[in-house]
Amino acid sequence: MIWIHHIKNRWSNSQMYFIIIAITLGVLCLQTSKAQNKAEGNNKKDLATNTSKSEATKKMEAGLKLGKSKDYEASLTLLLQAADLFLAEKNNASWFRCVKSIRSIYFKRLQQYPETLNYLVTTLAQAEQQLGATNDTTARILSYIGIAHSKMGNFDKALVNYEKALQIFEQNPSTGFTASVYKNTGNIYMRRMDYTKAVDYLTKALNIEKQLQNQHKLVPLYSDLSNAYHFLGNYEEEVAQYNAALALPNIAPYEKALILLNKAGADIDNGQAAKGLVSCEKVLPLLQDDLPDVGEFKVTVNEVMGKAYLAFADTLKGTQHLEKAVVLAQEVYGNKHRELARIYLDLSRIKDGEDDWQAALNLAQKALVSSIPSFNEIAIGQNPALNQLSVEPFIMTALATKGDFWSSAYLQTNNQQHLEQALAAYLLALKQTQILRFTYTAQESKLFLGNFIYDIYEIAIQTSWQLYGLTKDKTYLSQVFDLMESSKATVLLEGIKEIEAQRLASIPDSLTNKLRSFKGNIYALTKKVNQKQLPDSLAKIYQDSLFSLKRQQEEVMHFLEQNFPDYQDLKYDIQHHSLAQTQAFLPSDAMMIAYFVGSKQLFSVSLTATNATIHQMPFPTDSINTFNQDLQQLRQALANTNFIEANPQQAFSHYTQQGYYFYTQLIEQQTANFKGKELIIIPDGQLGYVPFEALLTEEVQSKKRNYKKLPYLLQQYAVSYAYSATLLAKSSQANTIDKSNGEMLAFAPFATFQQNLSMQQEKKTSTKRGIDSILYQLAPLKNTQNELTELQQIVKGQYYLGEDAHKHIFNTEAQQANMLHLATHTIIDNENPMQSVLAFSPQQNDPYLRAYELYNMQLNAKMTVLSACETGYGKLSRGEGIMSLSRAFTHAGCPSIIMTLWKVDDRATSTIMIDFYKQLALGMRKQKALKNAKLNYLNNTDLPTAHPYYWIGLLSIGNQEEIDLGNSFFAKHLRSVLLLLAIISMVLLILFFRKKKVSSISN
C-alpha cells in the first residue's frame, strides 16, 4: 500500500508497528459494529415476516421441512392441519400444494395406498365444492385417485377416474399432466389385452410429450409402446420403439433400467432367453434405492430372470428368483395384485413340470386369490363365482392354468372328478373372456382376444370329448357343440346384434348416422396412418385426428348405453344356438357338419334333425402344420393357374390324392349313415379356403387327366356354408319385415370398359381425381354384359353396365333392392381386410366400395350375388373365419350370399350365373340351384375348361331357402309353362301306352 510506504519512511519501526496495530483494531471494531447492526436488522425483519405469516403457512413450511428430513409422521400431522386452514381461508393454491405433499408422503414415501386413496377421495369432495367439478385442480385429484386405484390393482375404478379427468383436461389437451393421464389409461388397456386401444392412448401421450420436449417422459412411453406392439405381434414396431428410446441423449439410470427390463421380457417371450438374461444382468447395477419405483423394478427383474433360467432348464435358479420375487411383490403390492398372481403361476408351472399336481394347483389357487379382491378360498376345489369375475385377463389365465393342472392330475390318477374339475375351470375362464370382450370397442381388439383364447376352447372341447367317451352322457356331446359354436364368428355376430339393437331400441337416426360416420372416418384415417414412410408431422396430424374420432365415437356409444337401457341389454345379449336348437331348424334331409381345427387335433360334430355324432382327428406329432400344408397343396391344385398350367400332371396328382384324403378325413365317416341330399358346412381355419364339393368320394387310380369324369362330392350333395349355426339361424329369420322393392339391382362396370388409346390420358385424369391408377389396369369383363342381359329376362330390376355402373347408385339404391348382383373386379387387401374393395365404374371420383363402408350399411336384400374374384377370400382370423367381402355383406344384413374363393374365369362364371338364376326361377333352394348350374356347366364344357378352377369356386353361404325372383314374365310364367309341358308329356305318354296295349290285344 502506498500510504503505508510513506509512513514507514517518516517513522521508526516501533512507531510504525504501533500505528498498524491501532488501525487494525479500529477496522475490526467497525466491522463488528456493522455486523451487529445487520443482525439486529435481520432479526427485526424476520420477526416482522414471521408475524405476518398465517398459521397455515407456518404449519405447511414446518411440515415440508420435516418431510425433507424424513420425519413423515410429524410432517403429515402439520400438513394435514395446514391444508384444513388453507381450505377455510379459501387459499386454493396453498391448499393444493399441501394436498400434493400429503399425497406424495402417503403414496411415494410410505407406500400406503389405501390411506392415499381415502385421503384423495375426501380431498376430491372438497375440490368439487370449493373449485367446481370441471376445475383443472379437480381433474388432477381425479387422476391421483386413478393412480392409487391402479397401484392397488383396481383397474376398473382407475379407468373411471382417468376418464373423468380426461374429460376436463381435454379442454386444454397439450399439457404434460394430460399426457400422463393418457399414458396411465393406455397402460390399463394394455393390462386388459386391449392392445390396439393401448397404442392409441400411448401414442397420443407420446405426441404431447414430444411437443413439450419432455425428454424424461419419452423413455417410459417408448417402452410401453414397445410392449403393446410386442403383444400385437408387430415385431417391426416393437424394435422401432426400443431404438427410439435408446437414441435419446443423456438417458438416466432409471430410464435405462426400464428399457433393458422390458426388452429382456420381450426377448424371453421371443425365445431369446440368453439375450434376456444379459439385459437383466445389466439392470441389476442400476437398481439404486433412490430410484423411483425401485421395489417394483426388483420384483420384475427377479421374475424375468426366473423365466430366463427356466428357459435354460435351470429349475433351481429359476425357482430361487421367482420365490424372491414373491417376497418382494408382497412387500410392494400386498397380497392382492396381478403381479403377485403372475409369479405364483410361474412357480406353479415348475411344480407341474415336476408332476407335483397338488403343489401346482395350490399355487394356481393363490394366483386366483391374488387376482380377485373378493375371493379368498384357498381350497383347490373352489372356483370364484361369476359375480366375482372382473375385467382382468389374468383371472382367465389363472383359471385356464388351473384347468391344465387338473388335467395333469387326471393323467396321473385316472380320477374322473379331476377331469370334471378341469372342465369347470376352462368353462369359467371362457366366461371371464366374455366380460373382457364387452369392454372392447375396436374390432381389432376383439379379433385379437378371439385368437388368444382359441387354445382354451381347444382344451375345453378336448376335455368335454374325453368325458363324453368316459360317461356317454349326451350333456358332454352338447357341450362340445356349444363350445365349437361359441368359438366361431362371435365378432361378426356382435356386430349384427349391435345394428339390431339400434333398430329395436328406437335409437334416433341422427345418432346412428353419427356412429356410422365415425366408423367410416376412422377406417379412412387408419389407412392414412398406416402409410409407409409418412412424415412425422403429417403422421401426428393423422394420429391426433384418429384418436379424437375414436374418443367421440366412444362418447356417443356411452351416451346410448346410459340413455337407452334396451339398447345395452339387446347389444350384449349374445346367445349362441345350442345343439338342440340347431337340430330344431335343420331340414329333414340335411346334415350340418361343424369343424374345429385346433393346434393339436381336429374335431367335427355332424348333426341331423334327429342325430348327433362327434369325430376326432389327432394331428401327427401334435402339429397342425402338415394338415395345413396338405390343404394348401389341394387349394394350389384347384386355384393356382400358373402352377396348373406349368405342372399339369403334378397338379392332377396333387388334386386327386388330397381331394380323396380330405374326403376320408372330413366327410366319409360323418356321412356314413346319412341318406339325405344336403350338406351344410361350418368350416374352421384353413378349411375355409377350400370348397368341400371339390372333394373326391373315390380314390382315383387313373393318371389320365380327365376332370369331367372325377367323382366329385358335389354329385352326391348340394353343399352350402355358414359362419356358425347361430348366424345361419339368424339368416333364416332375416328380413321378416320386407323393406325392399322386390327388384334386382345389378352392376357390371367392366362389361363395356375398354383400355383404349386414351388410357394415358385417363391415368392423368385419375391422378388428378385421386383415383388409384390400378383401376385402369383391370381387364374388361366382356362376358358380364351378356350375363346381365340374360338376367334381365329372368329377374325384373335395375341393371347398370359400363360407365353407368356408378358406386353412388349402389349407395343410393342398394338398401331398397330385393336382390343384389355385382359382376365386377375386386382388389383384396389381406393385411387390412377392411380396405378390400369392389370396383365400380372408373368414370367417377370414388369408384371403390370398401369393406368398411359395407359394415356401415343396412341392406334389405334377401340375396347378394358377388360374381367377382375372391369375394370369399381374405385374411384368416383364428376363431372368426375369413375376413372377406362376403362377410361384410353378411354384417350389412344380407342373409344369403353367393361368393367366390379365387380369381374366377369370366366366361365360365357368367355361364353358371345365368343357369343359377334359371334354376332359382324353377323354385329350387339356392344350394340345389347352384349345384345344378355347376354340374350343367361340367357336363356341357370341353375338357380344357372342365378343370374345377372354372366352375367349383362359387359357393353359397347362409340362407338357402327358395327366393321369389319378382314379377318378370320369365319368373311368373316359366314354372307354369314347364308344369303344363309336364302334364302334356304325361298325357301323351299315357295315350301312347294305351295305344300300344290296344294294339297288343288286337294282335
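How many cavities of 30 Å³ or more does a search of the whole structure find? I got six. A cavity here is a set of points, on a 1 Å grid over the protein atoms alone, where a 1.4 Å probe fits but cannot get out. Grid points are joined across faces, edges and corners, and a volume is the space filled by probe spheres set on the points.

**Ground rules**

I noted that this is a predicted model, in which local features need pLDDT of at least 70 and side-chain atom pairs count only at pLDDT 80 or more, while totals for chains, interfaces and linings use all residues. Residues are numbered from 1 along each chain as its sequence is written, and side-chain values use heavy atoms, with hydrogens and water left out.

**The largest cavity**

I looked at the largest cavity next, and its volume is about 280 Å³. It is lined by 23 residues, and the closest to its centre are Pro 683, Gly 688, Tyr 723, Gly 881 and Ile 882. A lining residue has an atom within 4 Å of a point. I sorted the lining by type and found 13 nonpolar, seven polar and three charged residues. In this sorting Ala, Val, Leu, Ile, Met, Phe, Trp, Tyr, Cys and Pro are nonpolar, Asp, Glu, Lys and Arg are charged, and the others, Gly among them, are polar. Strand E14 (881-883) and strand E16 (954-958) each give the lining at least two residues.

**The chain as a whole**

I counted 41 helices and 16 strands in the chain. Helices (H or I, at least four residues) and strands (E, at least two) are DSSP runs, numbered from the N terminus. Of its 1003 residues, 53% count as buried. Buried means under 20% relative accessible area, exposed over 50%, and partly exposed in between, with a 1.4 Å probe and protein chains only. I also checked contacts, meaning heavy atoms within 4.5 Å. Among those with a separation of 6 or more, 70% join residues 24 or more positions apart.

**Helix H18**

I asked how far apart the end C-alpha atoms of helix H18 (residues 357-371) are. They are 21 Å apart, which agrees with the 21 Å that its 15 residues should span at 1.5 Å a residue. The expected span is 1.5 Å times one less than the number of residues. H18 is mostly covered, with eleven of its 15 residues buried. Trp 357, Leu 361, Gln 365 and Ser 371 are among them. The cover includes helix H17 (338-353), helix H19 (393-413) and helix H20 (416-437).

**Ala 139**

Ala 139 sits in helix H7 (residues 136-151). Ala 139 is buried, because its relative accessible area is 0%. Which residues does Ala 139 touch, leaving aside its neighbours within four places in sequence? I found Ala 165, Ile 168 and Phe 169. I also took one distance: Ala 139 and Gln 167 are 28 residues apart in sequence, and their C-alpha atoms are 8.5 Å apart in space.

**Strand E4 and its partners**

Strand E4 (residues 678-682) has five of its five residues buried. Glu 678, Ile 680 and Ile 682 are on one side, with Leu 679 and Ile 681 on the other, and both faces are covered. Five bridges join strand E1 (residues 590-597) to E4, and the two run parallel. Met 592 has Ile 680 in E4 as its bridge partner. E4 is also joined to strand E5 (residues 718-721), in parallel, by four bridges. There, Leu 679 stands opposite Val 719. Two strands pair if DSSP finds at least two bridges between them.

**A three-strand sheet**

I traced an open sheet with the order E9-E10-E11 and antiparallel pairing. Strand E9 (826-827) and strand E11 (848-850) are the edge strands, each pairing on one side only. Strand E10 (residues 837-839) meets E11 over three bridges, with Ala 839 opposite Tyr 848.

Buried or exposed? Lys 90 counts as exposed at 62% relative accessibility, whereas Glu 870 counts as buried at 13%.

Technical notes: 1 Å grid on protein atoms, 1.4 Å probe; cavity = no way out; pocket = protein on both sides within 12 Å on 5 of 7 lines; lining within 4 Å.
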